[in-house]
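Subject: Structure handover

Hello,

Please find the structure below, with the sequence alongside. My notes on what was found in it follow.

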Amino acid sequence: MQSSHVSLVNYVLQRSQPGNVQHVIDTIDRFGWTQQWLMNIGDRKGQILDDAIRTRRPKTVLELGTFLGYSSLRMASQLPDDAFIISIERNRQSAEIAHTIHKHAGVEKRIQLIVGSTESVIPRLSEKYHINAFDFIFIDHDGSAYLDDLKLLEKYGLIQSGTMIVADNVIYPGAPDYLHYIRNNPKYKTRLYESTLEYNDNVRDGVEISVRR
Ligand SMILES: C[S@@+](CC[C@H](N)C(=O)[O-])C[C@H]1O[C@@H](n2cnc3c(N)ncnc32)[C@H](O)[C@@H]1O
Ligand SMILES: [Mg+2]
């Protein structure tokens, strides 16, 4: 296991209160600012994600790219108890850490982690989980795969009228073909929310929020 991951888990388990989701989130942010940079959405862009969740009030959420479970924890903290999150992560070790952190925060029953690559998991989602479409989709895995996976989600009917799609890191590292597609597609209403890269004061980044008409 990567040493940075081990130190994050130890840091969180030792310094945050079990069952206190907000305290766990704040502790991960402190680690990201003071110990080691992490590719979580982070506290600043995280507030944009929180606002989007509170606005849309989804019952079904899909996340592409779990990493260590920070953004799924953040979304779970804003959702009503009857909503659930499915999050896809291809790195098994990362998914195991995410599960450990979710258990520590007491939200593991509401976040279903699937280990696999998005391009192979998305086509099986509706059959396996009996889902017609998601109310909310958070895309945060690999900028060069955002567009292909959006098209895959469209193809399998997982995006419907009213689905809100939040895409992270659209300025840095960037997802230019995704932005070009969604901004020039009359089926979506879309807007950029500018911020900075996670745990960084200097690099400009942003989150694109799009709603299917
Ligand atoms: C930026 S991190 C996700 C951060 C997380 N959403 C958060 O804010 O806490 C991206 C993650 O996506 C995973 N990933 C990249 N490409 C993927 C793919 N095609 N399928 C599944 N997971 C992928 C990586 O292993 C990595 O853990
Ligand atoms: Mg990100």
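The donor residues of the magnesium ion (ligand 2) follow the spacing D-x27-D-N in sequence. Aspartate 140 sits in the loop between strand 4 (134-139) and helix 8 (146-155), and aspartate 168 in the loop between strand 5 (159-167) and helix 9 (170-174), so the pair ties together parts that are 28 residues apart in sequence. Please keep in mind that this is a predicted model. The protein donors are Asp140 (OD), Asp168 (OD) and Asn169 (OD1), at 2.0 to 2.1 Å from the magnesium ion (ligand 2). Both aspartate 140 and aspartate 168 are buried.

Next, the chain as a whole. Its secondary structure comes to ten helices and seven strands. The C-alpha trace spans about 50 × 40 × 30 Å along its principal axes. A compact globule of 213 residues would have a radius of gyration near 17 Å, and the chain, with 16 Å, agrees with that. Of the 213 residues, 54% are buried. Among contacts between residues at least 6 apart in sequence, 72% join residues at least 24 apart.

Helix 4 (residues 70-78) is mostly covered, with seven of its nine residues buried. Those buried residues are Tyr70, Ser71, Ser72, Leu73, Arg74, Met75 and Ala76.

Two packed helices are described by the angle between their axes and the distance between the axes.

Helix 1 (residues 3-15) packs with helix 5 (residues 92-105) at an angle of about 5°, and their axes are 11 Å apart. That angle makes helix 1 roughly parallel to helix 5. On the helix 1 side the contact is made by His5, Leu8, Val9, Val12 and Leu13, and on the helix 5 side by Ser94, Ile97, Thr100, Ile101 and His104. Sorted by class, this contact of helix 1 with helix 5 has six nonpolar, four polar and no charged residues.

For helix 2 and helix 5, the axes come within 8 Å and cross at roughly 140°. Helix 2 and helix 5 are therefore oblique to each other. Here Val21, Val24 and Ile28 in helix 2 meet Ile101, His104 and Ala105 in helix 5. By class, the contact of helix 2 with helix 5 has five nonpolar residues, one polar residue and no charged ones.

The last item is the loop between helix 1 and helix 2 (21-34), where serine 16 lies. Glutamine 17 has its place in that loop too. Are these residues buried or exposed? Serine 16 is buried, with a relative accessible area of 5%, whereas glutamine 17 is partly exposed, with a relative accessible area of 44%.

Leaving aside neighbours within four places in sequence, serine 16 is in contact with Tyr11, His23, Val24, Thr27 and His104. With residues up to four places away in sequence not counted, glutamine 17 touches His23, Val24 and His104. Two separations give a sense of scale. For glutamine 17 and aspartate 201, 184 residues apart along the chain, the C-alpha atoms are separated by 28 Å.

Regards

Notes: Residues numbered from 1 in each chain as written. Chains lettered and ligands numbered in written order. Predicted model: local features only at pLDDT ≥ 70, side-chain atom pairs only at ≥ 80, totals over all residues. Heavy atoms only, no water. Donors = N, O, S within 2.8 Å, 3.2 Å for Na, K, Ca; no water. Helix = DSSP H or I, 4+ residues; strand = E, 2+ residues; numbered from the N terminus. Buried < 20%, exposed > 50% of the residue type's maximum accessible area, 1.4 Å probe, protein only. Axes fitted to C-alpha atoms, helices over the stretch in contact; angles between N-to-C directions. Parallel < 35°, antiparallel > 145°, perpendicular 65-115°, else oblique. Contact = heavy atoms within 4.5 Å. Nonpolar A, V, L, I, M, F, W, Y, C, P; charged D, E, K, R; others polar. Rg over C-alpha atoms; globule rule 2.2 N^0.38 Å.
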